[in-house]
Amino acid sequence: MKTLRTGKRVVFTGIGLAACLSVIGCGTDNQTTANNVTTSSTSSAAKASGTANVAYAGSLQLTNDSYVSPLFRKQTGYAYQGYGNGADAVASMIKSGQITPNVFESIGTGPIQSLGAKYTDWAVGFASSPLVIAYSKKSPYAKQLEAIANGKEPISDLFTLMAKPDFHLGRTDPNTDPQGQYFVMMTHLAETELHLPAGTANKVLGSLDNPNQVYNETDILARLQAGQMDASSAYLPEAIQQHLPYIKLPDTINMGNPADAKLYASQHVKLANGKTVSGAPIEVYATTIKGTQDQDAGTAFAKLTLSKQGLQIYQKMGYTLTPFKVWGNKADVPKAIADEIE
C-alpha cells in the first residue's frame, strides 16, 4: 500500500485506498474515521524512524488498533499502520503485492504457509479462542437463543433453530477466512457429536459460499448489532469485546481446545480452489514478512505482541494464552523475538 505522509494526515494513493475501504479494517497512527481508518495520539517516546505495517485477521482489529498499537508507539516511537481482512485474503494480497506489511498475524498457520519461503518461514503461536454463536437481541428468536445461552434449553436446540428456513445466520467466507472454515467444520462436527438428525449441518449451512449467509469478517458483527441477522459465528473474544450476547459451544465442537485436536482433525472442508483444509485448534500466529520496508519496526511490533505486556492485552481481550508454539524453522526467528519467547 502506498501512502503519502504530510504532517498528521495520511493520504492513501493508488490501490491502497480502495483496498483499505473496500475491506474495511484499516488502522494508522492518526485520527479515527467511519471507515475504520483508526488512529491515536502521538508517541511519548523519542520518535523512531519507520512504521510497523501490520496485516492481521479481521478478528484482531480491535486488539491491535486500539490496545497493542498505542502501547507500541509509546514504548518504541515507531509509527503504526494496520490492515484487517480474512487471513487467507490477506495472504493472497501479500503475494499479489497489493499490500506490503512487515508483520502478519493469522488465525492458524495455513495462510502463513501459503505465502511460501519467499515471504516467511516461521511463525509463533501464542493464543487461542473458541467459536461461539453471537446473537441479536432484536431477533424474533432472541428468547429461545437466550434460553440456550443460559443453559435452560439444550445446545442441540441451537442447531434446530439455525436450520429453520427463516433463520438469518451470518458467517464468513470459507474461501477467504479461517473463521468461515472453522464454522463449517464445527457445524458438521456438531451433527455427529450432538447426535443431531442426519443432514442438519447441510440445512444450517446451505452451499459452502451461501450468499445469504456469507459476510466480510470485519463488518459481520456490526450487521448483527444492527439487527440484520438473527445470529452469527464469532470468536469468543470478539463477542466479549463488542458486548454481544453469545452461546458457548461444548469443547468437543468449538474448535478452541487443544486437548480435542484429534477430534477436530476428523473434519475437513474443500475450498473453491480445490484445497482441502483440515480441522485444528484455533490459534493466533504472528510472523514478520521478508523484503519489506522498516523491518526493525515490524520486528519490534511482533516482539511487543509476544512480550508479557502484549500477552496481557490479549488475555484481557478474551483470548486464552497458550504455550509458545513455533511453526517452521526456529533458527529463522529474529533474535529479538527468539529471546522474548525463550
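Visitor: To start, what share of the 342 residues in the chain is buried?

Guide: Buried residues make up 56% of the 342 residues. Keep in mind that this is a predicted model.

Visitor: Okay, and how many helices and strands does the chain have?

Guide: There are 14 helices and 17 strands.

Visitor: What about contacts between residues that sit well apart in the sequence? How much do residues 24 or more positions apart account for?

Guide: Take the contacts in the chain with a separation of 6 or more: residues 24 or more positions apart account for 73% of them.

Visitor: Let's look at a sheet. What is the strand order in the open sheet of five strands?

Guide: The order is S11-S10-S12-S9-S13, and the pairing is mixed. Strand S11 (214-215) and strand S13 (246-248) each have a single partner strand and stand at the edges, so one side of each is left without a neighbour in the sheet.

Visitor: What holds strands of a sheet together, in general?

Guide: Strands pair through backbone hydrogen bonds, and they can do so in a parallel or an antiparallel way.

Visitor: So which way do S10 and S12 run, parallel or antiparallel?

Guide: Strand S10 (residues 169-172) and strand S12 (residues 231-235) run parallel, and two bridges join them.

Visitor: Are the faces of S10 covered or open?

Guide: Both faces are covered. Leu-169 and Arg-171 lie on one side, Gly-170 and Thr-172 lie on the other, and all of them are buried.

Visitor: Time for helices. At what angle do H2 and H13 pack?

Guide: Helix H2 (residues 61-76) and helix H13 (residues 308-316) pack at an angle of about 160°, with their axes 11 Å apart. An angle over 145 degrees counts as roughly antiparallel, so that is how H2 and H13 are described. Their crossing is right-handed.

Visitor: Which residues make that contact of H2 and H13?

Guide: From H2 they are Thr-63, Asn-64, Tyr-67, Val-68, Leu-71 and Gln-75, and from H13 they are Gln-309, Ile-313 and Tyr-314. By class, the contact has five nonpolar, four polar and no charged residues.

Visitor: How does H2 pack with H12?

Guide: H2 and H12 pack at an angle of about 115°, and their axes are 10 Å apart. They are therefore roughly perpendicular to each other. The crossing of H2 and H12 is right-handed.

Visitor: Which residues of H2 and H12 meet?

Guide: Asn-64, Val-68, Ser-69, Leu-71, Phe-72 and Gln-75 in H2 meet Ala-297, Ala-300, Phe-301, Leu-304 and Thr-305 in H12. The contact of H2 with H12 divides into seven nonpolar, four polar and no charged residues.

Visitor: Now H5. Which of its residues are buried?

Guide: In helix H5 (residues 142-149), the buried residues are Ala-142, Leu-145, Ala-147 and Ile-148. They pack against strand S9 (131-135), helix H6 (156-162) and S13. H5 is followed by Gly-151, which has a positive phi near 80°.

Visitor: Where is His-243 found?

Guide: His-243 is in the loop between helix H10 (236-241) and S13. At 71% relative accessibility, it counts as exposed.

Visitor: And where does Asp-294 lie?

Guide: Asp-294 lies in the loop between strand S16 (283-288) and helix H12 (295-305). With a relative accessible area of 32%, Asp-294 is partly exposed.

Visitor: What does Gly-58 touch, leaving out residues up to four places away in sequence?

Guide: Gly-58 touches Gly-84, Asn-85, Glu-217 and Thr-218. Gly-58 and Thr-218 are 160 residues apart along the chain, and their C-alpha atoms are separated by 5.2 Å.

Notes:
Residues numbered from 1 in each chain as written. Predicted model: local features only at pLDDT ≥ 70, side-chain atom pairs only at ≥ 80, totals over all residues. Heavy atoms only, no water. Pairing = 2+ DSSP bridges. Helix = DSSP H or I, 4+ residues; strand = E, 2+ residues; numbered from the N terminus. Axes fitted to C-alpha atoms, helices over the stretch in contact; angles between N-to-C directions. Parallel < 35°, antiparallel > 145°, perpendicular 65-115°, else oblique. Left-handed = near helix turned anticlockwise from the far one by under 90°. Contact = heavy atoms within 4.5 Å. Nonpolar A, V, L, I, M, F, W, Y, C, P; charged D, E, K, R; others polar. Buried < 20%, exposed > 50% of the residue type's maximum accessible area, 1.4 Å probe, protein only.
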